[in-house]
Structures are given as structure tokens and as C-alpha cells.
Amino acid sequence: MKRFREILNERWAAYTFAACSAVVLYLLLGHIGNVGGVFVKIYVLISPILGGVVIAYLMDPLVNLIDRLIETWIMNDAKRHAASVGLAAICILAMFILLIIALIPSLIDSVMTFLNNINTYVRTANRFMNFLSNVASSNNIDISGITEYGQEVLDSVLNFLPNSINTIMTTSHSMGSAFVNLIISFILAIYFLNGKEKIMNEVQRLRHAMYDDETYESRTKFFRRCNEILLKFVIYDLLDALIVGVTNAVFMMLTGMSYVSLISVIVGVLNLLPTFGPVIGWLIGGLIILLNNPMHALWFTIFTIVLQTIDGYVVKPRLFGDSMGVSGVAILIMIIVGGNLFGAVGILLAIPFTAIFAFMYDEVILPWIRNRRIELEEKEHQEEISDAVRQGTAQMDAASREADTVRTVAGQMSAEQTDAGMGEADTDRKMAGQMPTEQADAEKGMDGREADQMLVGGTDHKDSERP
């Protein structure tokens, strides 16, 4: 990895990577249909596995709860975990079967009643539109465009049912395949939960091999926090939808409204979707009730406003607390982006992913930016110090060279002076040596002359003494 990073820092590596990325992007855009088909096939193949992972993830809190409850009864960890997984699976299957027994018959009855009365509802809507048109005409208001559009919608509804047999058969086949995949995913989830310890140990070993201790701890903390946010939202959002759906059903039964099961399921399921879900549930439920009894539709609208107000300002704050305290604008943007990319799942998970991104922004992105700025400042400071050191070194080198030059010149001058002194000394010595010789010679000359004179004088004296 270190060698790879060093290579990436090279300029030629950046150009090569950019060129390869451009070629790959061009090929992908040129064969986008084939690429999309490949991803769809891969998703179809692995969808049961992904479903098993999701179900296991959602079942894990229940397994942990049961494990804590039976801890005093079963002391062996492996046996207790297996028993917890089995009991959790039995609880979920029991709740699913009870839901089918209690809800599906009444839901089917509501749907069949609605379909059987669709013609009556269309005629009622036509009469209502004619009434609006007459009232508008009497007041010299032209709403012909609205009435024509409404008539087209009603005609489309009437033509949809006879011509939708193939669609219904295809939908039934898709639902059957989805149910089979759900069973496979549930079985895989049980296996995943049974092997949870081994799977997590292998994942931890891999992460320890990839990261150092400090990075491992920081990323473990990050993923743990993301898991808490996501799991808390999913569990509490399901609980909130159940509360809203049951409350809506109780109200409709007490007021004697029709299609209790159908509308309550629609309201509860759509309440899972943030922001727009309750509004869509109210529109669908209110329209169905309006076709049957307009006064009930009015009471349903008032009750929905009160229920959603209590849910938004009382129930959800108590369930979620401050863990989802994110901006409404950010949630709206995430809903739009998630809905366009991932459909209903993207809308459903818009809030937790917004909260996770907010957590990442506070705990990861901002510290990284600060550390990066500090590193750049330290690097600039080190560069300034290095420049100053280089300048000082250059100045010291220049001074040293000047000192060497001065020493060299001084040495040369000293050597010349020394040579001159030695020459003068030699001259002095030579002169000093020559002077005694000359004096000696002079003395010898004087002595010789004196001797000669004495000899001459002696001879003359002798000559004078002769007779």
C-alpha cells in the first residue's frame, strides 16, 4: 500500500490514471444499456442474499434481547445463542402468521368491496363534477378544463380494470417470486445469525490486517455509531408506523367508517416514508372515503391532521430523541436524491442516512479538514524554516569562504613576509660574514704592510750603522 501511494504521487501516474479513467468512462457510456443489464442480473442473483443480510440485521436486536432474558437459564454461550436465534425466528413467524390471519381477509374484503363499487363511485364523482360545473356556470366561472380533465381520469379508471388482466397476472407472478425469495432470505438470515460470531471474527481479522490499531479503533467507533443511528431509526420508525396505523383503525371503527383495514394499512405503511408519506396516505384514504361518504372524509381529514401533529411533536421526539436532529432541508434533499436513485427504499432511509452524513460531517470530514489545514500550515512552517536554514547555511558558507580567502591571503602575505625576512636575514648574515673577513683581510694587509715597513726600516737601519 505504501509503495502504491508513492507511485500515485508521481506525475506520470496521475496522467496515466486520468487517461485510463477517461477510456473506461467512454466505454461505459457507450455501452450503458449492457452495463445496466449486467447489474440488474447480478442484483437478481444476489437479492436473496442481500435480503438475508437485511433480515438478519433487523433480527439481531431481538436475538440479543432474548439472549439476555435466558442468560440465567442456559449457561453455555453457544447453546444460548442458538436458542435465542430459534426463539426470535419463531416469534417473527408467529407475528407474521397472526398478521396474515387478522389482516389479509379483511384487507381482501375491503379491496373487493371497493372494486365492486367502483362504478358507483365513478357515477358519484361525475355527479359531483356536474354540480361544480353548474355552480361555476351560474357564477360565470369557466371550469370546463378541470371538468374535462376529471372526466378523462374517471374514464381511465373505468378502462383500467377490464384491460389489466395481464398486468394482474404479471403482478401475481412477481409477488409469488418475491414471496419465495423472502422465504429463502429468512432461512439465510437464520444461518447468518447462527454464524454471527465466526463472521464477525473473520471481519475483525481482516480489518486488523488492513489497518493499524489507531485507525482500527477510530473506524470501529465510526461504524458502531452509524449502526446505532440506522438501527434505532428502523426500529422506532416501524413502531411509530404501527402506532399510527392502529390508532387510525381504532378511530375508523369507532366512527363506523368503511374500509378500515385497507385505509389503516395504507396510512401505516406510508407513514414510514418521511415528510410526504403521511400526506400521500391521507390523500389516498380520504379519496376512498370521499367516494363512499363525504362527511366521513371530512372527519378523516380532521383526525389525520390531529394525529400527525401529535405524532410529529410528541411521539417521534420521544422515540428518536436528539439522534435524528438534522436539518429539514437536508432531509428534503436526501428524499429527492434517494427517491430518484433507489425508489421507495431511498425515501424510507432518507432520514437515517442524512443523520449518518451529519455525523460523518461532524466527526470525520471537519476533523480531516482541520488536520489537513494544520498539516499544510506545519508544512509551510517547515518549508519556511528550511528556507531560513538554507539561507543561513548559504550565508555561513559565504562567510566561511570569505574567511578562507582572508586566511589564504593572510597566509600568503605571512609567507611572503617570512620569505622577505629570511632573505634579509640571509643578507645580513652574508654581510655580517663578509665584514669580519674584510676586516681580517684589512688587518692582515695592515700587518703585512707594517711588517714590510719594519723590514724596510730594519734594513735601512742596518745600512746606516755600517761605516
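**Reading the model together**

Reply: Gladly! Asp77 is exposed, with a relative accessible area of 52%. Keep in mind that this is a predicted model.

Me: Which cut-off makes a residue exposed, and which makes it buried?

Reply: Exposed means over 50% relative accessible area, buried means under 20%, and partly exposed is what lies in between. Asp77 is therefore exposed at 52%, while Arg80 is buried because its relative accessibility is 8%.

Me: What links Arg80 and Asp77?

Reply: A salt bridge, in which the closest N and O atoms are 2.8 Å apart. The general idea is to look for a side-chain nitrogen of Lys or Arg within 4 Å of a carboxyl oxygen of Asp or Glu. Both residues belong to helix H4, which covers residues 77-116, and they sit three residues apart, about one turn of the helix.

Me: How many salt bridges does the count give?

Reply: The count comes to seven salt bridges. One of them joins Asp60 to Lys196, with 2.9 Å between the closest N and O atoms. Asp60 is in helix H3 and Lys196 in helix H8 (residues 196-210), so this pair ties together parts 136 residues apart in sequence.

Me: Which residue forms a salt bridge with Arg205?

Reply: Glu202 does, and the closest N and O atoms of that pair are 3.4 Å apart. Arg205 and Glu202 are three residues apart in helix H8, so about one helical turn separates them. Arg205 is exposed, with a relative accessible area of 58%, and Glu202 is partly exposed at 45%. Salt bridges can also share partners: in this way Asp67, Asp77 and Arg80 are joined into one network.

Me: Let us turn to charges on the surface. Where do Asp212, Asp213, Glu214 and Glu217 gather?

Reply: They come together in a surface patch of negative charge. For such a patch, one looks for like charges within 9 Å, on residues with over 30% relative accessible area and no salt bridge. Asp213, a member of this patch, is exposed at 58% relative accessibility. Asp213 is also part of helix H9, residues 213-254.

Me: Which residues does His208 contact, beyond its neighbours within four places in sequence?

Reply: His208 is in contact with Asp213 and Tyr216. His208 itself is in helix H8 and is partly exposed, its relative accessible area being 41%.

Me: What is the separation of the C-alpha atoms of Asp240 and Gly268?

Reply: The C-alpha atoms of Asp240 and Gly268 are 8.5 Å from each other, and the two residues are 28 residues apart along the chain. Asp240 lies in helix H9 and is buried, with a relative accessibility of 0%. Thr354 belongs to helix H15, residues 350-465, and is buried at 6% relative accessibility.

Me: Finally, the whole chain. How many helices and strands does the chain have?

Reply: The chain has 15 helices and zero strands. Of its 467 residues, 22% count as buried. Its accessible surface comes to about 33,500 Å², and 67% of that belongs to carbon and sulfur atoms. For contacts between residues at least 6 apart in sequence, 66% join residues at least 24 apart.

Conventions
Residues numbered from 1 in each chain as written. Predicted model: local features only at pLDDT ≥ 70, side-chain atom pairs only at ≥ 80, totals over all residues. Heavy atoms only, no water. Patch = residues over 30% accessible without salt bridge, like charges linked within 9 Å, V, L, I, M, F, W, Y side chains within 5 Å. Areas by Shrake-Rupley, 256 points an atom, 1.4 Å probe, with all protein chains shown as cover. Lys, Arg positive; Asp, Glu negative; His and termini not counted. Charge placed at Lys NZ, Arg CZ, Asp CG, Glu CD. Helix = DSSP H or I, 4+ residues; strand = E, 2+ residues; numbered from the N terminus. Buried < 20%, exposed > 50% of the residue type's maximum accessible area, 1.4 Å probe, protein only. Contact = heavy atoms within 4.5 Å.
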